[in-house]
Amino acid sequence: MKAVRIHQHGDGSELCWDSTPKPQIDSSSDDILVQIKAAAINHLDIWVRKGIPGVPLPLILGSDGAGVVESCGDKVSDFSVGDEVIIQPLLYCGSCRHCKNGKENFCFKLGILGETTNGTQCEYIKVKSNQLKKKPSHLSFSDAAAFPLSTQTAYAMLVKRARIQPGETVFVWGAGSGVGSMAIQIATYFDCTVYSAGGTDAKVHLAIKLGAVKSWNYKKTDISAVVRKTVGKIGIDVVFEHVGSKTWELSKRMLAVGGRLVSCGATTGYDVSIDLRHLFMKQQSIIGSTMSDIQTFEEMLALINDNKIYPVVDRIFPMEKVKEAHKYIERSGPLGKVVLMNE
Ligand SMILES: [Zn+2]
């Protein structure tokens with residue numbers, strides 16, 4: 001079969017469209033072989049390509065995927081050949097203290113497809129049934145591949161970690177990103193008042209379309225000033241951070257008394273400062289978050305299935321054009337997800 005692989009870390013030229021053996025399932029096992037139709041690109045792919053320590057090489061990239069069950073071992077009872085499925089990208093042991101408490105994303109052996117083991121950007125992948133969910137029937141394969149990782153992350157950050165409440169204000173950086181586009185929809189669904197900032201006018205318009213009551217172009221606007229003008233000195237209850245050092249100071253400055261700053265990423269840098277005096281006097285919280293547990297994944301999936309929130313796809317590339325797709329993401333900063341499709 002063909003697969004997107006890296007053999008060493010580096011720029012986009014390291015992406016290979018390789019021939020590699022098709023995975024085989026043991027017919028007496030609980031293995032499931034899925035034919036991948038579509039696989040989204042996440043920022044994680046770019047980090048992995050550039051060089052996360054400890055990544056096994058060569059590695060098939062990709063955490064998100066959607067496809068069709070091609071074959072099942074005899075012990076599989078919840079999926080059948082021909083089922084349309086999406087991939088749940090979290091890998092966990094199922095037996096540690098955190099897994100037993102339903103906090104799989106805290107697992108001591110936490111892994112993720114496309115980082116700690118071969119991923120989804122290929123023609124076939126071998127998985128277990130806990131890595132699959134039925135594909136939302138109203139979504140195309142490309143849309144279905146575009147949401148699992150980013151949406152579980154955004155949902156867990158807002159609902160489980162920052163515990164957003166109806167009527168609260170939420171500020172979301174980056175409507176054009178996978179997590180940002182979902183965060184705006186999720187916070188809006190939970191009756192929060194959402195504000196957003198993006199780096200182009202198109203991203204500003206997208207934020208409004210997704211539910212933000214106000215959105216600004218941070219390249220043209222003093223975000224601190226407009227937020228203060230809009231919500232007053234009270235500030236913002238929950239700031240949704242995934243940008244890192246470039247936005248950190250602004251995020252802290254707009255935070256209300258009792259506010260929560262929740263972060264899942266640091267695409268512009270991870271070295272930031274905290275003024276402890278503000279933290280304790282204003283009783284604020286800085287919260288880290290990564291992926292989600294399985295129960296949270298189900299809750300998020302229910303919102304997708306009910307069409308309360310929907311994935312935003314910017315562009316689809318044939319999977320073998322993965323180099324062009326990475327170049328597109330790194331140069332232009334897309335308006336939603338970029339998805340790779342098998343022909
Ligand atoms: Zn575990």
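Reader: Where is Gln 283 found, and how are the elements on either side of it defined?
Author: Gln 283 is found in the loop between α9 (276–281) and β16. Helices are DSSP runs of H or I with at least four residues, strands are runs of E with at least two, and both are numbered from the N terminus. This is a predicted model, in which local features need pLDDT of at least 70 and side-chain atom pairs count only at pLDDT 80 or more, whereas totals for chains, interfaces and linings use all residues. Residue numbers start from 1 along each chain as its sequence is written.

Reader: Why is Gln 283 called exposed?
Author: A residue is exposed if 12 or fewer other C-beta atoms, placed from the backbone, lie within 10 Å of its own, buried if there are 20 or more, and partly exposed in between. Gln 283 has 10 other C-beta atoms within 10 Å and is therefore exposed. Its phi is positive, about 50°, although Gln 283 is not a glycine.

Reader: What makes Asn 307 exposed?
Author: Asn 307 has 10 other C-beta atoms within 10 Å, so it counts as exposed. Asn 307 lies in the loop between α10 (294–305) and β17 (313–318), and it too is not a glycine, with a positive phi of about 60°.

Reader: Is Ile 236 buried or exposed, and how do you know?
Author: Ile 236 has 24 C-beta neighbours inside 10 Å and therefore counts as buried. Ile 236 is found in strand β14. Leaving aside neighbours within four places in sequence, the residues in contact with Ile 236 include Thr 169, Phe 171, Val 227 and Met 254; contact requires C-beta atoms, placed from the backbone, to lie within 7 Å.

Reader: What makes β11 and β12 a pair?
Author: Two strands pair if DSSP finds at least two bridges between them. Strand β11 (residues 169–173) and strand β12 (residues 193–198) have five bridges, in the parallel sense. Phe 171 stands opposite Tyr 195 in β12.

Reader: Which strands form the open sheet, and why are β13 and β16 said to stand at its edges?
Author: The six strands follow the order β13-β12-β11-β14-β15-β16, with parallel pairing. β13 (214–217) and β16 (285–288) each have a single partner strand, so one side of each is left without a neighbour in the sheet. Neighbouring strands are turned by 15° against each other on average, direction ignored. Helix α5 (residues 178–189) packs on the sheet, touching β11, β12 and β14 (236–241), and its direction makes about 170° with that of β11. Such angles run from 0 to 180 degrees between N-to-C directions, with axes fitted to C-alpha atoms, for helices over the stretch in contact.

Reader: How do you know that the buried residues of α6 are on the same side?
Author: In α6 (residues 201–210) the buried residues are Lys 203, Val 204, Leu 206, Ala 207 and Leu 210. Their arc around the axis is only 160°, which puts them on the same side of α6; the arc is that of the directions from the helix axis to the C-beta atoms. The elements covering them include α5, β12 and β13.

Reader: How is the protein divided into domains, and how many residues are in contact between them?
Author: Domain 1 comprises 2–147 + 312–341 and domain 2 comprises 151–288, with bounds from an automatic or database domain assignment. Nine residues of domain 1 are in contact with 10 residues of domain 2. The C-alpha centres of domain 1 and domain 2 lie 28 Å apart.

Methods:
Two residues are in contact if their C-beta atoms, placed from the backbone, lie within 7 Å.
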